[in-house]
Amino acid sequence: MLALGIVLSIVGLCFFCRLLFTLAIYALPTFAGLTAGLASFHSEAGVPGAITVGLLVGGATLAFGQLAFAGARTPLIRAICGLLYGVPAAIAGYQVSFALAGIGMVGNVWQTAFAAVGAVVSGCTAFSRLALLTPSADAQGTRSASSLADRRLHDQGR
């Protein structure tokens, strides 16, 4: 029975960590949705109205970021859009990692080191998820990963 408790505790902790880091990755849409939801709640929209407004604003923020990232032609604009989503995710990842490392570590140096690693991982994951969810420019799915030489050979066959 003790072994089952240990295993279930580890599974629960892993699930909790995954949930926290998923929330950290979507920090900007989450923050925008919570801010809009609380603002609408305080303007007497009620609980259902506040939840609806918060979900709509959070979803619109994520969709707008993906559209802006996909529609940008220059790498500089894409980098700026990626940083707009990556920096809040890195800050949230740092805070989550710092708090989780504080549970098991006494030393402040190691706690900060693990938090820095968590920040880098969260920021990079947010940037890559923003880039991953955008459609490819030629809308051919996996074929967009072909090289320029493959395209030349394909075009010669016509």
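Colleague: Which are the buried residues of H3?
Modeller: The buried residues of H3 are Ala50, Gly54, Gly58, Thr61, Gly65, Gln66 and Phe69. Buried means under 20% relative accessible area, exposed over 50%, and partly exposed in between, with a 1.4 Å probe and protein chains only. Please note that this is a predicted model, where local features need pLDDT of at least 70 and side-chain atom pairs count only at pLDDT 80 or more, while totals for chains, interfaces and linings use all residues. Residues are numbered from 1 along each chain as its sequence is written, and side-chain values use heavy atoms, with hydrogens and water left out.

Colleague: What covers the buried residues of H3?
Modeller: The cover includes helix H2 (27-42), helix H4 (75-104) and helix H5 (108-132). Helices (H or I, at least four residues) and strands (E, at least two) are DSSP runs, numbered from the N terminus.

Colleague: How many helices and strands does the protein have?
Modeller: There are 6 helices and 0 strands. Read from the N terminus, the order of elements is α-α-α-α-α-α.

Colleague: Back to H3, then. How many residues does H3 have, and what distance does it reach?
Modeller: H3 covers residues 46-71, which is 26 residues, and reaches 37 Å from its first C-alpha to its last. That is close to the 38 Å expected at 1.5 Å a residue; the expected span is 1.5 Å times one less than the number of residues.

Colleague: Is threonine 61 buried or exposed?
Modeller: Threonine 61, in helix H3, has a relative accessible area of 19%, so it counts as buried. Leaving aside neighbours within four places in sequence, threonine 61 is in contact (heavy atoms within 4.5 Å) with Leu28, Pro29, Ala32 and Tyr85.

Colleague: And serine 97, what does it touch?
Modeller: Not counting residues up to four places away in sequence, serine 97 touches Phe21, Phe114, Ala115 and Gly118. Serine 97 belongs to helix H4 and is buried, because its relative accessible area is 8%.

Colleague: New topic: aromatic pairs. How many is the count?
Modeller: The count comes to 3 aromatic pairs. Rings of Phe, Tyr and Trp (its six-membered ring) pair if their centres lie within 6.5 Å; planes under 30 degrees apart count as stacked, over 60 as edge-to-face and the rest as tilted. In one of the pairs, the ring centres of phenylalanine 69 and phenylalanine 127 are 5.9 Å apart and the planes are at 90°, so this pair is edge-to-face.

Colleague: Where in the chain are phenylalanine 69 and phenylalanine 127?
Modeller: Phenylalanine 69 is in helix H3 and phenylalanine 127 in helix H5, 58 residues apart, so the pair links distant parts of the chain. Phenylalanine 69 is buried, at 4% relative accessible area, whereas phenylalanine 127 is partly exposed, at 35%.

Colleague: Why is the pair of tryptophan 110 and phenylalanine 114 tilted?
Modeller: The pair is tilted because the planes are at 40°, with the ring centres 6.4 Å apart. Both residues lie in helix H5, 4 residues apart, about one turn of the helix. An α-helix has 3.6 residues a turn, so residues three or four places apart point the same way. Tryptophan 110 is exposed at 59% relative accessibility, and phenylalanine 114 is partly exposed at 43%.

Colleague: What is the phi of glutamate 44?
Modeller: Phi of glutamate 44 is near 65°, a positive value in a residue other than glycine. Glutamate 44 sits in the loop between H2 and H3 and counts as exposed at 75% relative accessibility.

Colleague: Lastly, what percentage of the protein's residues count as buried?
Modeller: Of the 158 residues, 21% count as buried.
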